[in-house]
Amino acid sequence: MAAPLELSCWGGGWGLPSVHSESLVVMAYAKFCGAPLKVNVIDNTWRGSRGDVPILTTEDNMVSQPAKILNFLRKQKYNADYELSAKQGADTLAYIALLEEKLLPAVLHTFWVESDNYFTVTKPWFASQIPFPLSLILPGRMSKGALNRILLTRGQPPLYHLREVEAQIYRDAKECLNLLSNRLGTSQFFFGDTPSTLDAYVFGFLAPLYKVRFPKVQLQEHLKQLSNLCRFCDDILSSYFRLSLGGISPAGQDTVDANLQKLTQLVNKESNLIEKMDDNLRQSPQLPPRKLPTLKLTPAEEENNSFQRLSP
């Protein structure tokens, strides 16, 4: 009997099994190759580390990062690429590198840096999955980490300013989406009728961008104009994740959005309260510690006190 495989990942919403791209990549690949994963969704009772999510755990191993997890699954003979030719394998590596270089920075910016999207959607959702008081801290750290990752990869000369970087990453992302649309064409998957590693990566990167309801939808609008990529995401969701999703109706989605809006207001109020408390503490006068006066005893009192200490 094979060792049990457990995947710890961020949970879902908006009709997705997970709103986290890297978690979606692993979940989709496992579905494609038939790996029997037990999914442990992170919620506000989770006490483990969230920095390396998704995490694959077996009896003897703990593996993080999608590429390493997929390689581990292949070693366990769960291979979604066994029918690919050498050229198709090389194309897979090239397109994954393209996704990570051209599309990922714009996805990170849409979720974590664009202020309207972050404060109304991303921060409240992730805060709802994290126990208090970490829910007030970790989303901000994740936002800073996403911005640093964008600037590290794209903030090079001559793009010195954030606005210049933003304009460039969205141009690159739209170009990447156009290339993916042309490559997919009218096919069901990128290499014919069978899904592979490339399909898992494209789905993981596109599905959150396609399904999550953002107030700022610059890249989302461009994606929705590419009907074959939208159909690609819908087909994978309906074919491989239908049972796990349970079929969220439009009315049910409206309820989810209403609850998310209430949560947004609550989280923002808590954050503002903590900021005000910090400001008040910084602005309050810092008085030096008061010294307590020392009492001096008269000679008669000192003699009486010494006698009391010696008496049984």
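Does isoleucine 55 count as buried or exposed, and why? That was my opening entry today, and I was working from a predicted model.

**Entry 1: isoleucine 55.** I looked up its accessibility first. Isoleucine 55 has a relative accessibility of 12%, and it counts as buried because that value is under the 20% cut-off. I then checked where the residue sits, and found isoleucine 55 in strand 3, which covers residues 55-57. Next I looked at leucine 7, which is 48 residues away along the chain. The C-alpha atoms of isoleucine 55 and leucine 7 are separated by 5.6 Å.

**Entry 2: the strands around it.** I followed leucine 7 across to strand 3 and found leucine 56 as its bridge partner there. Strand 1 (residues 5-10) pairs with strand 3 through three bridges, in the antiparallel sense.

In what order do its four strands lie? I read the order as 2-1-3-4, in an open sheet with mixed pairing. Strand 2 (37-42) and strand 4 (62-64) are the edge strands, each pairing on one side only. On average, neighbouring strands of this sheet are turned by 25 degrees against each other, direction ignored.

I also noted what packs on the sheet: helix 2 (residues 66-75) touches strand 1, strand 3 and strand 4. The direction of helix 2 makes about 135 degrees with that of strand 4.

**Entry 3: the nonpolar core.** A reminder to myself: nonpolar side chains tend to be buried together in soluble globular proteins. Here I found 82 residues in the largest nonpolar core. Which of them touch the most other members? They are Leu99, Leu103, Phe203 and Phe232. Helix 3 (residues 86-113) gives the most to this core, with 12 residues.

Leaving out residues up to four places away in sequence, phenylalanine 203 touches Leu24, Ala28, Pro208, Phe232, Cys233, Ile236, Leu237 and Phe241.

Entry 4: How many of 30 Å³ or more does the whole structure hold? The search finds one. About 40 Å³ of space lies in the largest cavity.

I wrote down its lining too: Trp14, Val19, Phe111, Val121, Thr122, Trp125, Phe126 and Val212. Helix 4 (residues 115-128) gives the most to that lining, with four residues.

Notes. Residues numbered from 1 in each chain as written. Predicted model: local features only at pLDDT ≥ 70, side-chain atom pairs only at ≥ 80, totals over all residues. Heavy atoms only, no water. Core = buried A, V, L, I, M, F, W, Y, C linked by side-chain atoms within 4.5 Å. Buried < 20%, exposed > 50% of the residue type's maximum accessible area, 1.4 Å probe, protein only. Helix = DSSP H or I, 4+ residues; strand = E, 2+ residues; numbered from the N terminus. Contact = heavy atoms within 4.5 Å. Pairing = 2+ DSSP bridges. Axes fitted to C-alpha atoms, helices over the stretch in contact; angles between N-to-C directions. 1 Å grid on protein atoms, 1.4 Å probe; cavity = no way out; pocket = protein on both sides within 12 Å on 5 of 7 lines; lining within 4 Å. Points joined across faces, edges and corners; volume = space filled by probe spheres on them.
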